[in-house]
Amino acid sequence: MPDHPTLHTTSKESGHFAYFAHSVEGRPPSSWQGLSEHLMAVGDLAAGFAQAFGGEQLAACAGLLHDLGKYTNEFQSRLKGSPEKVDHSTWGARIALERYPSLGYLLAYAIAGHHAGLANGNGEGRRTSLQERLAAELPKLHPQWQDELPVPAALPMPSFIKPHPERGMFQMAFLVRMLFSCLVDADFLDTEAFYNCVEGRPTLRPESGTGPTLTDLKAALDLHLVGFRADKPVNQIRAEILQHVRAQADLRPGLFSLTVPTGGGKTLASLAFALDHAIRHGQQRVIFVIPFTSIVEQNAAVFRQALGPWGESAVLEHHSAFADDPRDSKEARDKVRLAMENWGAPIIVTTAVQFFESLFADRPSKCRKLHHIANSVVILDEAQTMPLKVLRPCVAALDELARNYRSSVVLCTATQPALKAPDVAAGVEGFEGGLENVRELAPEPAKLFEQLKRVTVKHVGALDDADLLSQLREREQVLCIVNNRRHARALYQGMADLSGTYHLTTLMCAAHRSQVLATAREALKQGQPCRLVSTALIEAGVDVAFPTVYRAEAGLDSIAQAAGRCNREGRWAAKDSEVRIFANANEDWKAPPELRQFADVTREVLRNHQGDPLDPVAIERYFKQLYWQKGGNALDYWGLLGLLKGAKIQSLPMDTLAEKFKMIDSVQMPVIIPFDDEARDAIRDLQFVDGLQGISRRLQRYLVQVPRHGFEALRKAGAIGAVRPEKWGDQFMVLANESLYERDVGLSWDNPVFIASSALVI
């Protein structure tokens, strides 16, 4: 092979040329990173990550081969400044398939995609398929790699995979993503470490032993719980639940349910179990998966308080509010970015969207964290909120984590979805492809629901707005929850003349909603009039207690959540605390078809159920009936499991799976509301700072999410404008026409008006 002496240095002892992985601008090759050094370091790191699930040999091999294409003159010329692009990823995939015919594809997908992302095995996709990549002409590979890299001649089949009879290729695609995660995280960390060392910066990766251990966190939580007083009957029950749940920590890792009524103390009980269980079984972290961003922030705050001095350093929130760090240094921002991308903290609090979309992702930045989910405790809070369109793929992913990746998964909710697999021997119908051997952590859920029963649920028939308003006006303290923002606004305006009338909607920013709730809580506490009309947002873990709740027809799980806002602390007798379900008689507020189906199933279950409408038996019947009516295809709307069932190892649709898997159908766009001085100060700061310095986190409480068409209508009307677009682009869109935001109803995005050009200066 011809040599380019300007690119390589020759070892006198071996006669080998020095090949490089990374160059440093303005510095001689002697300060560059050696290629074999990088490949072996990445192999070691990847193997260490894969130990969490037993895939260390596969991951080590992927690390050794991932940049094999850099053993070419063409790539070494590029390091020296050649503008020619060089595919340096495909050679490693090709060699993997040549050496390991049975396992090579598991490595090839990850190696070929470690920069651009995972591709389909063959067929059309957003990126070139693996088959096309493998068939393409590549630069000549220098055989020196065989002398420098300890690539094994053979690889054993992974023994840790317990096959599922219906999901063989689903399991293979899952393993590809896990290996990909180990590889891209290791590659990033080693590359960053090299450049940080060259530039004299500290490494991003924290030294082992520098942060709190799970044992430290358990001790802090125990200290916090010592201060808990069982001074009321409800607190005594919460203490008994906590004690019983913690006593289950010795159970072997796997699948669990935690079925506790609203107000039973699930949040801290699940944290205590997770820490005890993880320590007992050598698991590496605790991951809380929360359905809504607002509850992510709320629960993370509870955990930080409960963990005392370790709270701030131990708990990482991963959602849109944490795009930057409050400290103004590149090192600090990089560490936060790293933590969010690879979930290295001991306690993660994230959204269901972030969690599940990562499990089906194809991009390196989304997949880096996956290996840190293995050998961890995953608490799926409000498990019933998994969207029906992706329910079967989500259940399959949870099963795979518990089955083959040493994770313990806890389905934590007051309304347990009926996700257990059929039991043919016992003649029990179940969920197609459902979960097996799910162990309940709570003590006798049916008994708990009876002990914690605080409300009486009744259906009061159809009500038009006149009848509904008449009943609401008669009650001094009442909550009314409806399914439509326009309906909530109309009801509020129908009794706004009464003192103590309030309104909650997602068209209000979070800071505004917090103000309304604080005012309402104080009125309730003082026994003053408080009539609150809200959309279903109030059911998302909001701590508020009314003597009476009206709820428009919905799914039984939503009814149960509404009931959690009624007599929450047991101040009144259950017979005097009513949850009144009503049907809408006004055609203006007709529910969409899917919501009508939920309501129809609820009505049918309640008609045929003799016990408490919210007891576990009724809830199970509701979900079984709902899933049966939907049918298996509707629970995997995009046919992801079918797509995999028809695939082979060489044709895994990795790209297509990521593109099709969506937790949320509609795209929502954020508008910043200059609601108060704090918001205006943060907006003003954006005009002058070079880095974000925590500003996007400060602004999170002032966002209103609107549909894309509403966002474009506001933009077209000049009602919103970008702050400093030359620097931030459209990242920060602020409401310029403040008349569109009203203190009682929030943002009116559906009717934007034109404004004077002078008002566009932000």
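Colleague: How many aromatic pairs turn up in the whole structure?
Modeller: A search finds 21. Bear in mind that this is a predicted model.

Colleague: Take Phe355 and Phe356. Are their rings stacked or edge-to-face?
Modeller: Edge-to-face, because the planes stand at 85°, and over 60 degrees counts as that. The ring centres are 5.1 Å apart.

Colleague: And is Phe355 buried or exposed?
Modeller: Buried, with a relative accessible area of 0%. Phe356 is buried as well, at 0%.

Colleague: What about Trp728 and Phe732, how are those rings arranged?
Modeller: They form an edge-to-face pair, 5.8 Å centre to centre with 90° between the planes. Trp728 has 12% relative accessibility and Phe732 has 3%. Both count as buried, because the limit is under 20%.

Colleague: Which residues are linked into a cluster by ring pairs?
Modeller: Phe53, Phe160, Phe170, Phe174, Phe360, Tyr405 and Phe661.

Colleague: What does Phe53 touch, leaving aside its sequence neighbours within four places?
Modeller: Its contacts include Phe160 and Tyr405 from that cluster, and also Leu175, Met178, Leu179 and Cys182.

Colleague: Which residues touch the most other members of the largest nonpolar core?
Modeller: Phe53, Leu107, Phe355, Phe356, Leu359 and Tyr405, in a core of 168 residues. Helix α8, residues 168–198, gives the largest share, 14 residues. Another core, of 42 residues, lies apart from it and includes Leu214 and Ile290.

Colleague: Switching to charges, which ring does Arg368 sit over?
Modeller: The ring of Phe188, with the charged end of Arg368 4.0 Å from the ring centre. Lys662 lies over the face of Trp638, at 5.9 Å from the ring centre.

Key
Residues are numbered from 1 along each chain as its sequence is written. This is a predicted model: local features need pLDDT of at least 70, side-chain atom pairs count only at pLDDT 80 or more; totals for chains, interfaces and linings use all residues. Side-chain values use heavy atoms; hydrogens and water are left out. A nonpolar core is a set of buried Ala, Val, Leu, Ile, Met, Phe, Trp, Tyr and Cys residues joined through side-chain atoms within 4.5 Å. Buried means under 20% relative accessible area, exposed over 50%, partly exposed in between (1.4 Å probe, protein chains only). Helices (H or I, at least four residues) and strands (E, at least two) are DSSP runs, numbered from the N terminus. Contact means heavy atoms within 4.5 Å. Rings of Phe, Tyr and Trp (its six-membered ring) pair if their centres lie within 6.5 Å; planes under 30 degrees apart count as stacked, over 60 as edge-to-face and the rest as tilted. A charge sits over a ring if NZ of Lys or CZ of Arg is within 6 Å of the ring centre and within 35 degrees of the ring normal.
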